[in-house]
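The sequence and the model are shown first, and the description follows.

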Amino acid sequence: MEFSLSPDNISAYLIVSGLLFLFGVLTILTRRNAIYILLGVELILNAANLNFVAFSRFGGFGIDGQIFAVFIIILAASEAAVALAIILQIFNNYGTVDLTETNLMKK
Amino acid sequence: MSVLMFWFFALLAVVGAAMVAFLGRLINSAFALVMALIGVAGLYWTLGADFIGTTQILLYVGGVTVLILYAVMLTPKESTRVPWIRFVPAGVLTLAVGILLLTAFGGVATALNTLHSGGLEQPLEPTAAAIGEAFLDREGYLIPFELASVLLLVVVVGAVFIARRKREV
């Protein structure tokens, strides 16, 4: 295992994307507000995207990785739109966006 | 120069992500997410992916962030401060995932570096034309591209339908 932190090596990008992923996981694990969890998901998607683009440049796989990144950005935008609509509806029904309070399925 | 740019944008991304995870107020975290997204867009540019970086600015920094800010405005001001005790189990879990990631990435990076031991010096070229051709090529990504268009239409209709008021659950 060898890590080099110069930007002409893929490991620098892998470390940055790994940190983004970990902060996203930490956000999702510690917060109870639904919007915060969405922020964490966005961070994780960006980490995955960064990996795709980095492998597209350093792996010698051509442009396919960048095309996957475009599709992931499209899916992330769709996901954010639907998730925020659902969050608004949760707020209309429960008066809060705290995910520990939304327990209709448990009753 | 490119080294300097890499460090600048990498710091922007990582510090922004850390602020999302640790700041106490939702609106501050939302703007920290903007910072992280701009950092990631800059990293795309240092990787030679000019089209992806621009799309990131347009769609994420422009679109998704505005959506999130609307959600912040339309929901009540709740205390989102995290008691520090909740960071302990979450931190342990995150550290475990981080160690796994480090081993996996280390292996992959070593394999790639031995594969291209001479150093991979691809010239940086504009990518928009190549991406557009791949999207409209029947041997390439034409069908996923059209499916993405349909998905976006469904999402627009579905999001409006879900967000409508006066609906009993």
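## Overall dimensions

The radius of gyration used here is taken over C-alpha atoms, and the globule rule is 2.2 Å times the number of residues to the power 0.38. For a compact globule of 169 residues the radius would be near 15 Å, whereas chain B has 21 Å. The structure described is a predicted model. Along the principal axes of chain B, the C-alpha trace spans about 60 × 45 × 30 Å.

For chain A, a compact globule of 107 residues would have a radius of gyration near 13 Å, while the chain itself has 18 Å. The box filled by the C-alpha atoms of chain A, taken along the principal axes, is roughly 55 × 25 × 20 Å.

## Chain A

Chain A contains three helices and zero strands, and the pattern along its sequence is α-α-α. Of its 107 residues, 55% are buried. Among contacts in chain A with a separation of 6 or more, 44% are between residues 24 or more positions apart.

A:Asn93 belongs to helix α3 (residues 64–94) of chain A. Between the C-alpha atoms of A:Asn93 and A:Gly40, which are 53 residues apart along the chain, the separation is 24 Å.

## Chain B

Chain B has six helices and zero strands; from the N terminus on, its elements follow the order α-α-α-α-α-α. Buried residues account for 25% of the 169 residues of chain B. When contacts in chain B between residues at least 6 apart in sequence are considered, 52% of them join residues at least 24 apart.

The domain assignment divides chain B into domain 1 (1–98) and domain 2 (126–169). The C-alpha centres of these two domains of chain B are 24 Å apart.

## The interface between the chains

How many residues of chain B are in contact with chain A? The contact involves 74 residues of chain B and 66 residues of chain A. On the side of chain B that touches chain A, two or more residues come from each of α1 (2–22), α2 (26–46), α3 (50–74), α4 (87–115), α5 (128–135) and α6 (142–163) of chain B. The largest share of this side, 15 residues, is given by α4(B). By residue class, this side of chain B consists of 51 nonpolar, 20 polar and three charged residues.

## The nonpolar core

The largest nonpolar core has 73 residues, and those with the most contacts inside it are A:Val16, A:Leu20, A:Ile35 and B:Leu43. Two or more residues are given to this core by each of α1 (10–30), α2 (34–58) and α3 of chain A, and likewise by α1, α2, α3, α4 and α5 of chain B. Its largest share, 14 residues, comes from α2(A). From each of domain 1 (1–98) and domain 2 (126–169) of chain B, the core draws at least three residues.

The surroundings of A:Leu20 include residues of both chains. Leaving aside residues up to four places away in sequence, A:Leu20 touches A:Leu43, A:Asn46, A:Ala47 and A:Leu50 in chain A, together with B:Ala13, B:Val14 and B:Ala17 in chain B.

Technical notes
Residues numbered from 1 in each chain as written. Chains lettered and ligands numbered in written order. Predicted model: local features only at pLDDT ≥ 70, side-chain atom pairs only at ≥ 80, totals over all residues. Helix = DSSP H or I, 4+ residues; strand = E, 2+ residues; numbered from the N terminus. Buried ≥ 20, exposed ≤ 12 C-beta atoms within 10 Å, placed from the backbone. Contact = placed C-beta atoms within 7 Å. Domains from an automatic or database assignment. Nonpolar A, V, L, I, M, F, W, Y, C, P; charged D, E, K, R; others polar. Core = buried A, V, L, I, M, F, W, Y, C linked by C-beta atoms within 7 Å.
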